[in-house]
Amino acid sequence: MRTEPRSGCPINRGVEVLGDPWSAVVLRDMIFGDRRYFRELLSGSLEGIASNVLAARLRDLVAAGLLVREDAGRGHRARYSLTEAGIQTLPVLVALGTWGRAHRETAPELTVRQRLLEEGGPGLVAELMDELRAAHLGAPLPPATGPRASERLRAAYEAEVVRGPVDG
């Protein structure tokens, strides 16, 4: 990872941290898959990230302030948590997914959560960010009047996986 930015341009500064495809995938898997341990991230990667690449990306994301590594002591697994900066990548990932869904071929079961986030708009994204703050930062979870954002996204994904692709 570069120690000095190429420029002070905000887009450049964001790309320097998030522009690597594996960094975005690691954040996606932590946000949507609740994967917080190295082995979970490695074995749960749909894209097949190599262990050395994952280790490097986790180090980079910690150094960039998007994750913290919680040492569990000798013989125990280290757990990674999102920081507030990491949580605030969610709208960026949603925007990237919106573009990808509109301009690239995607798999229905992997697109259902994206579609729900688009339909739910900023309110659903904010609700999911509140859940992430509770899970990763220990912030109090606002009261809910129905199923949580994560529950709705998980249910939609599971329903799509069970339904499977539709011919036609």
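The following dialogue examines how terms are applied to a predicted model.

Student: What are the ground rules for this model?

Tutor: The model is predicted, so local features need pLDDT of at least 70 and side-chain atom pairs count only at pLDDT 80 or more, while totals for chains, interfaces and linings use all residues. Residues are numbered from 1 along each chain as its sequence is written, and side-chain values use heavy atoms, with hydrogens and water left out.

Student: Why is Asn12 called buried?

Tutor: Buried means under 20% relative accessible area, exposed means over 50%, and partly exposed lies in between (1.4 Å probe, protein chains only). Asn12 has a relative accessible area of 16%, so the residue counts as buried. Asn12 lies in helix α1, residues 10-18; helices are DSSP runs of H or I with at least four residues, strands are runs of E with at least two, and both are numbered from the N terminus.

Student: Which residues does Asn12 touch, not counting residues up to four places away in sequence?

Tutor: Asn12 touches Arg6 and Ser7, where contact means heavy atoms within 4.5 Å.

Student: What makes Pro5 partly exposed?

Tutor: The relative accessible area of Pro5 is 33%, and Pro5 is therefore partly exposed. Pro5 is found in the segment before α1. Leaving aside residues up to four places away in sequence, Pro5 touches Arg13 and Glu16. Pro5 and Glu16 are 11 residues apart in sequence, with their C-alpha atoms 7.6 Å apart.

Student: How do you know that the span of α4 is close to the expected one?

Tutor: The expected span of a helix is 1.5 Å times one less than its number of residues. Helix α4 has 13 residues and reaches 18 Å from its first C-alpha to its last, close to the expected 18 Å. The buried residues of α4 are Leu54, Ala56, Arg57, Leu58 and Leu61. Their cover includes α2, α3, β1 (67-70) and β2 (79-82).

Student: Why is Asp60 classed as partly exposed?

Tutor: Asp60 has a relative accessible area of 23%, so partly exposed is the class that applies. Asp60 is in helix α4, residues 51-63. In space, Asp60 and Ser23 are 8.3 Å apart, C-alpha to C-alpha, although 37 residues separate them in sequence.

Student: How do you know that the buried residues of α8 are on the same side of the helix?

Tutor: The buried residues of α8 are Ala149, Leu153, Ala156 and Glu160. They cover an arc of only 65° around the axis, which puts them on the same side of α8; the arc is that of the directions from the helix axis to the C-beta atoms. What covers these residues includes α2 (21-33) and α7 (108-137).

Student: What makes the contact between Arg35 and Asp29 a salt bridge?

Tutor: A salt bridge is a side-chain nitrogen of Lys or Arg within 4 Å of a carboxyl oxygen of Asp or Glu. The N to O distance between Arg35 and Asp29 is 3.3 Å, and the pair meets in a salt bridge. Asp29 is buried, with a relative accessible area of 5%, whereas Arg35 is partly exposed at 22%. Arg28, Asp29, Arg35 and Glu47 are linked in a network of salt bridges. The structure holds 12 salt bridges.

Student: What does the salt bridge of Arg133 and Glu84 tie together?

Tutor: The closest N and O atoms of Arg133 and Glu84 are 2.7 Å apart, and the two residues form a salt bridge. Arg133 lies in helix α7 and Glu84 in helix α5 (residues 84-87), so the pair ties together parts that are 49 residues apart in sequence. Glu84 counts as partly exposed, at 28% relative accessibility.

Student: How do you know that Arg77 lies over the face of Tyr37?

Tutor: A charge sits over a ring if NZ of Lys or CZ of Arg is within 6 Å of the ring centre and within 35 degrees of the ring normal. Arg77 lies over the face of Tyr37, at 3.9 Å from the ring centre. Arg113 lies over the face of Tyr157, at 4.4 Å from the ring centre.
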